[in-house]
Structure formats: structure tokens, C-alpha cells
Amino acid sequence: MTTRGTRGHHEVMELTYHDLPGLMTLMTGDEKHTPSATSTLDVLWVLYDRILHVTPSTVDAPDRDRFLLSKGHGPAAYYAVLAAKGYLPEAWLDDFGGISSRLGYHPDHNLIPGVEISSGSLGHGLPLGVGMAHGLSAQGLTSSRVFVLIGDAELDEGTNHEAIAYAGAIGLANLTAIVVDNQSSSHGWTGGVASRFEVNGWSTSTVDGRDHDQIAEALSRRHADRPHVVVAVVEPKDS
Amino acid sequence: MTDMRTAFAETARDIVADDPLAAVVFADISTALFEDAMVRFPDRLINVGIRESLMISVGGGLALTGMHPIMHSYTPFLVERAFEQIKLDLGHQDAAAVLVSIGASYDVPRAGRTHHGPGDVALIDTVPGFTVHVPGHASEVPVLLRDAVGRAHSSYIRLSEATNAVRLPVSPGLTVVRRGRRALVIAVGPMLDPVLDATEGMNVTVAYATTVRPFDGAGVRSLAATNTVVLVEPYLAGTSIRLIDEALVDRPHRTLGLGVARTELRRYGTVADHSRAYGLDPARIRSSLDRFLATPPAHAEPGGA
């Protein structure tokens, strides 16, 4: 990994997608990290690299875009992307989960710059995102968008379905859900994940969750009168 | 006279009109009281339908964008149904909101156990940082609500249909209503009327509390001259006794906590029926006080207080 020499220096060097496995290794100690080992890695990278209107210097700007990682477990990919994009120092990754570390097995937004919510218990991100989308509209921050990443197994939690039905019914257009679908839901989603949203009036895109251009194109879509969901399909878990 | 729910709705509408960051989130409860405000402020009067978990989370999300949310429903649906949302989407997120319940412990006994909420304050008490207000008169509601909205920490305001005849100014601490020597009797919210009836002619101090979190420990220390304290709460018996113990930790003391029992009554009937069953009517409060005060403290010297 070419960038290791910058650790501990104040010099900022732009890291790339190819640096992410090395950053994840700092946390997990697993030398064989590949992007496919982490279902969310590509979506997270595309969000921070191409989509979100937020930077390390605008994490408190009222009109920033909000990204909510609802599926808070397995956050190594998230922390790696945040480190690569300069939200947190790479040195923080070394003590992942330690008593003095800001980085735990589920993220705490009070401890990490740029992390919008604390997550871990499933099914909280999308309902919180509905509230944020309301809050931004009510304050006239109409260009800001709220993105919420959930997993297909997380979709089991009923709180998601309260949020999906409500956001669809009122046409909450500044809300985008991203479902990373690694087919890990115990009982599956007959008819497809997207159908749960579509029936409630959302616009939907189903893409290859490893194809950066497809992900970026789908996330860029925004309808004036309805929320949008991007289902990012990746390899089945444990395949 | 205005009831507490109407006082709440009118004040909430005024707050939304005055404060561009204020919002009310509700779940098909009290909708009629908010209809005109929903037309005036469609972005900030948010009815999510019968979705209480979503209601709390939406409030949390609003707060995370800098807004001042008020969430409102019936006690068990506001506090118990969506408890993890209160714990995480408000508490853990460090998102401040004001929760306002109606229904109290058993305002509508005919509705049955599903509509009773005696455990609400005990549950809220497990979430760090909450202020808890239990008004005893509708005139307190506007003051408490205006004070709570926009603060950096969350508040829970517990409204009831029961109301005291006595109207007292709102105070964050204990208000002395009657002075006596044998014991300190603290009445929380709408328990003041029955406590005043029960202690008629008794030589005890009666103090009134609207705010129970934080609890006025300094007030307890200064008023509990005999270190004998009775606490009468309109929700689960003993909910705030630990705070009396904390206040008197360096003084040998005796406490009695009266309130709603933990056993389920499995009866319908009236509020008066339920108050009698839980020993919260004046006659039964009086007998509990008499029994408690007749028992000499274990450490007391013969002939002592």
C-alpha cells in the first residue's frame, strides 16, 4: 500500500478506492481483505467519492447532505472510507474497539466527525432519516438530500415499513434509501426488495452493487414528488 | 376550565407560531386539536398516522437537523410502545425533544390495561438526561411546555385528566403547602388534592412536586426534619424513592412510597374505583400514613420522636 508512509504526518494525501482494503486491515488484522468481503464497501465509496455534498470541513454545515449508515454493524468499510476521505485520522483505525478508541463495532456519532447517527440496533436509520428530511424541508434547505443505507436483512425490522409507507404517502422527495442486498434476510423478499418500496409510491432502481457507475447513476436520480430507493445487489452473504 | 390536553394543544400551536424551529409530531391522537395549525404550518405539524415508533424517530431526526420537536400520544403508546426509539433515537443520539402524554396511569379505566401507563416515569427514568414534569393543574402546562421546548436536553410532560382544585405557581422544587412536625409528605402532580384531604388535621408537612426529574433533593433535606418521608406518586409506587434515599444518604431515615401497584387489577370501572384499589383515595392514603407513622423507627430511642 503506497500511502502508509503518510501515517502520522499532517500532510493530506488523497487516498483512492484501492487503499480501502489496506485501511480495513488496520482494523481487522485480516491481511486478505477484498472489496467483496464487505457488502457495503462500493456503495459507501461511491457516495463519498461522487454523490454526497459534504466534506470534512462542512460536517456541521446546515445545508450538507446527510448520510445515515443504519446498518451499523461491520463498520470497517465505513471507517475506511471516512479515513480515506479525511474525516478521521488513519491512526484511529489501529485501536478499533479499544477503550480509548472513538471507533467501535457500531458507530457513535458523538465520537466521530461526519457520522450523522449512532447505529447498531437495526431499523432506526430510515425512520430517523424521515425526520431529518422533514427537518431540512421545514428549514428551507431544499437542495440537501438524506441518504440512508440499510441491509436486506435489516429490512425485516417493522420500523422500516412504517417509514416506507409514510414517506411514500407524503412524497418525501429529499429522501433516498439504499438497500444493500446480499440476500441475507432469513425469509427473503418474495417479489424483490424494490417491490416493498414501489407499492408505497417510491421510485426504484435496482443495480449491481459492485458497479460504481451504475450505483452513481442511480443515486443521482431525484424525483420532485417521491422518495427514491436504490437496491444494490451484491454476492449472497457467505458465498 | 381548560383541561390539560387543551392547554397543551393551544400552547403547542402558539409555540409553533412563535418559534420557526418548533414542530409537533403526533400519531392520530389529538388530531382535531391540531387541524387548524396543520393548515397554517404543514411542514411542522406532522401526523405520521398510527405509527408511534416512527413518531419518536421522526422527532429524533428533526432534532438532529436543529429543530425543536414535541411528540404527543397516549401514555403507553408514547412511552412503552416505542421505548427503544426513546432510548436510542433521542437518548443515545443526544437529540433533544419534548414528549407529552395524555391518559396518565388510568384516566380511562373502561379502556382496560392496554390504555394504562403506570410504568411510564420508571421507564423514562432509565434514559439519562430526561427532565420529567407531572403537572397537577392545567395552568401549569403552558409554563412547563414553553420552558421545555428548545432546551438542550429532553423532557417528558405527563398530563392527566385528574387535576387539583389548588392552583400553585410552577416551581422546579418542592412547594410547601402545609407545615407540620411528624413527617414530610410529598404529593406529586394530581395527588395533591387527595393528599391534602388525607392529611387534614395531621401534624405533617405537605409539599407539592411537579418536577420529579431532577428531584429536589435539597428540598427534601431541608423539609424532612424528622427524616420520615412519605412520597405519593400517581404512577408506579416507589418510582422516586431512590432519590429520597440519595438525598438523605447521610441521615438515618424512613420512607414510604405510595402509588399504583405493580399487580394488574384486571378490572374496568371508574377512576375512583381504581384509586381505591391502589390505595390512592384519601381514606386509604390516610390509613397508610397512620400505619407508617405508628411504627417506631428501628433505631429510635424509647420515648423518642
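Two strands pair if DSSP finds at least two bridges between them. Helices (H or I, at least four residues) and strands (E, at least two) are DSSP runs numbered from the N terminus. The model is predicted: local features need pLDDT of at least 70, side-chain atom pairs count only at pLDDT 80 or more, and totals for chains, interfaces and linings use all residues. Residues are numbered from 1 along each chain as its sequence is written, and chains are lettered from A and ligands numbered from 1 in the order in which they are written.

**View 1. Strand 3 of chain B between its two partners.** H72(B) stands opposite V100(B) in strand 4 of chain B. Strand 3 and strand 4 (residues 98-102) of chain B are parallel and share 5 bridges. Strand 1 of chain B also runs parallel to strand 3 of chain B, again over 5 bridges; here V24(B) has I70(B) as its bridge partner. Strand 3 (residues 68-74) of chain B is largely enclosed by the rest of the structure, because 7 of its 7 residues are buried (20 or more other C-beta atoms within 10 Å of a residue's own; exposed means 12 or fewer, partly exposed in between, with C-beta atoms placed from the backbone).

**View 2. The open sheet of chain B.** The sheet has 7 strands in the order 2-1-3-4-6-5-10, with mixed pairing. Strand 2 (45-47) and strand 10 (211-213) of chain B are the edge strands; each has a single partner strand, so one side of each is left without a neighbour in the sheet. From one strand to the next the twist averages 20° (axes are lines fitted to C-alpha atoms, for helices over the stretch in contact, and angles run from 0 to 180 degrees between N-to-C directions). Helix 2 (residues 31-40) of chain B packs on the sheet and touches strand 1 (22-26) and strand 2 of chain B; the direction of helix 2 makes about 135° with that of strand 2 of chain B. Contact means that the C-beta atoms of two residues, placed from the backbone, lie within 7 Å. Elsewhere in chain B, strand 5 (residues 131-133) and strand 6 (residues 155-158) run parallel, joined by 3 bridges, and T131(B) stands opposite S155(B) of strand 6.

**View 3. The loop between strand 1 and helix 2 of chain B.** This loop holds D28(B) and S30(B). Phi of D28(B) is near 65°, a positive value in a residue other than glycine. S30(B) is not a glycine either, and has a positive phi of about 65°. Most residues other than glycine have a negative phi, and most peptide bonds are trans. D28(B) has 14 C-beta neighbours inside 10 Å and therefore counts as partly exposed, whereas S30(B), with 21, counts as buried.

**View 4. A cis peptide bond in chain B.** R213(B) and P214(B) are joined by a cis peptide bond with omega of about -5°. P214(B) lies in the loop between strand 10 and helix 9 (217-223) of chain B.

**View 5. The contact of chain B with chain A.** Chain B contributes 25 residues and chain A 23 residues. On the side of chain B, helix 3 (52-64) and helix 5 (83-92) are the elements that give two or more residues. Helix 3 of chain B gives the most, with 9 residues.

**View 6. Surroundings of L68(A).** L68(A) is in strand 1 (residues 66-69) of chain A. It counts as buried because it has 26 C-beta neighbours inside 10 Å. Leaving aside residues up to four places away in sequence, L68(A) touches several residues, among them E116(A), I117(A) and F147(A).
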